Amino acid sequence: MNGRVLHFESPDHREIDRLLPWYASGAIEPDQRDRVDAHLAECVRCQRELEWLQSLPFDADALPAETEADIEQALQRLRGRLDAGAGQRVRLSLHNAHRGWRRAPVWTRWALAAQVALCCGLVAALLTQHTDAPYHTLGAANPDSAAQARLAVVFDPSISLVRVNALLQASGARIVDGPTATGAYVLAAPRADADKALARLRADRGVRTVVALSAPAGR
Amino acid sequence: MAHFPILQSGVRNAARDEASIAEAALLARVASRDQNAFETLYRAYRPRLRQFLMRMTRQPALSEDVLEETMLVVWQKARTFDNGSKPSTWIFAIAWRQALKALRKQREPVEAVDPDTLRSNASGPEGEMHRRQMGERLRAALAGLSAEHRAVIELTYYQGRACREIAEIMQCPVDTVKTRMFYARRRLKALLLFTQEDLP
């Protein structure tokens, strides 16, 4: 005997103990919350630990809010870097391309030059060909994406497929992407009718959230 | 009674969904070099990033530099955001990587806290003053944790993040987040107990 005290913890207790911080903060999955609730009803140690976690005065330790002048000053500094960054990247790309060309073996330079000449020849041949007017079927997507406005929408989980179809037809929109990690779908609608589609979707109880993804006109 | 800033603000899941979609829309505009959208995003994120980075670095000037670098990366890489995660998780993951890079450059001591700092803030009258002093003690105790432990505490209690989201931000397994939180709690408790014993 060496006099050491051994603590035997059930795997369940250990697992629940490690979930307590998120149980206390509220950011926990419902099934995990149920497990913690059940365990707390009979574990005094976890009850005490939870009480301790809930007694910590985290709200008294938040940073004081900044003034608008502070934020504007920080933003001003960043604006200068945004503009500088773009010019610097172009210069860097040109510099790297030039350095790469000089370092490349002679045969690589000849091969690249031949490829460029071939591409130029192909482009010239295409341009001199006779071109017919483009033909579109009625069902084809509008090739001009600028004519389409994009909306992000989250449907209520209880909405039926039939209702979604009816809603899309009524608003003149169609699904073009999604669902994203947040359960949102991207819809496309004719730009001229985008405001109407947005209002129609917003007014429907089966839609939890809808926002326009395209920048407002004139920006 | 719990003192969690996120819980007390009563943020609901639906509201978070809405915020995520609006932020994804802003990021899409940032990707097309819309500076107005970028500034809107900057103003929305600055308070949260400032709090997170200040907790991570404990140096106002350094946290300001890291915040600037973070938002510069957001501006440059917005087109790589693919909706695979929430915009806020994507932005905080950038902030976490930038903070780690800055701390590594400085070779920040991982487990350093001056016991005198803890003691000096530990006495005072009751009521509001007492609560403020408790906040001071908590701040000093948090400074005694490693950067990883501080980040887990900050993201859980101040930013209201779920365990899985923290794992995404810190780019580690969920079990690692739980283990870091376990040791962070243990160390925090020891540091707070240390100051408690010195109270009159």
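The model is a predicted one, in which local features need pLDDT of at least 70 and side-chain atom pairs count only at pLDDT 80 or more, while totals for chains, interfaces and linings use all residues. Residues are numbered from 1 along each chain as its sequence is written, chains are lettered from A and ligands numbered from 1 in the order in which they are written, and side-chain values use heavy atoms, with hydrogens and water left out. Chain B and chain A bury about 5500 Å² between them, and the rule for salt bridges finds 13 of them across this interface.

**The interface between chain B and chain A**

- Chain B brings 63 residues to the contact and chain A brings 52 residues, where contact means heavy atoms within 4.5 Å.
- Of the buried area, 58% is on carbon and sulfur atoms; buried area is the accessible area (1.4 Å probe) that two parts lose on being put together, summed over both.
- The size of an interface is often given as the accessible area lost when the parts come together.
- The interface has 17 residue pairs in polar contact, with both residues at pLDDT 80 or more; a polar contact is a pair of N or O atoms within 3.5 Å, and within protein one must be able to donate a hydrogen and the other to accept it, while residues adjacent in sequence count only if both atoms are side-chain atoms.
- The elements that give two or more residues to the side of chain B that touches chain A include α3 (35-57), α4 (60-77) and α10 (174-197) of chain B, and α3(B) gives the most, with eleven residues; helices (H or I, at least four residues) and strands (E, at least two) are DSSP runs, numbered from the N terminus.
- By class, this side of chain B has 28 nonpolar, 14 polar and 21 charged residues, where Ala, Val, Leu, Ile, Met, Phe, Trp, Tyr, Cys and Pro count as nonpolar, Asp, Glu, Lys and Arg as charged, and the others, Gly among them, as polar.

**Salt bridges**

- Over all chains the count comes to 25 salt bridges, each being a side-chain nitrogen of Lys or Arg within 4 Å of a carboxyl oxygen of Asp or Glu.
- One that joins the two chains pairs Arg185(B) with Glu49(A), at 3.0 Å from N to O.
- Glu64(B) counts as buried at 18% relative accessibility, and Arg46(B) counts as buried at 2%; buried means under 20% relative accessible area, exposed over 50% and partly exposed in between (1.4 Å probe, protein chains only).
- Glu64(B) and Arg46(B) also belong to a network of salt bridges whose other members are Glu66(A), Arg77(A), Arg81(A), Arg50(B), Glu68(B) and Glu69(B).
- In chain A, Glu72(A) forms a salt bridge with Arg79(A), their closest N and O atoms being 2.8 Å apart; Glu72(A) is partly exposed at 27%, whereas Arg79(A) is buried at 17%.

**Nonpolar cores**

- The largest nonpolar core has 77 residues, and those with the most contacts inside it are Leu49(B), Phe52(B), Ile153(B), Met170(B) and Leu188(B); a nonpolar core is a set of buried Ala, Val, Leu, Ile, Met, Phe, Trp, Tyr and Cys residues joined through side-chain atoms within 4.5 Å.
- Helix α5 (residues 87-106) of chain B supplies the largest share of this core, ten residues.
- Another core, of 15 residues, lies apart from the largest one and includes Val164(A), Leu187(A), Ala197(A) and Leu201(A).
- Not counting residues up to four places away in sequence, Ile153(B) touches Phe58(A) as well as residues of chain B, among them Leu142(B), Met181(B) and Leu188(B).

**Backbone features**

- Most residues other than glycine have a negative phi, and most peptide bonds are trans.
- A cis peptide bond, with omega about 0°, joins Gly178(A) and Pro179(A), and Pro179(A) is found in the loop between β2 (174-177) and β3 (185-190) of chain A.
- Arg58(B), although not a glycine, has a positive phi of about 60°; Arg58(B) lies in the loop between α3 and α4 of chain B and is partly exposed at 30%.
- Asn83(B), also not a glycine, has a positive phi of about 65° and is found in the loop between α4 and α5 of chain B.
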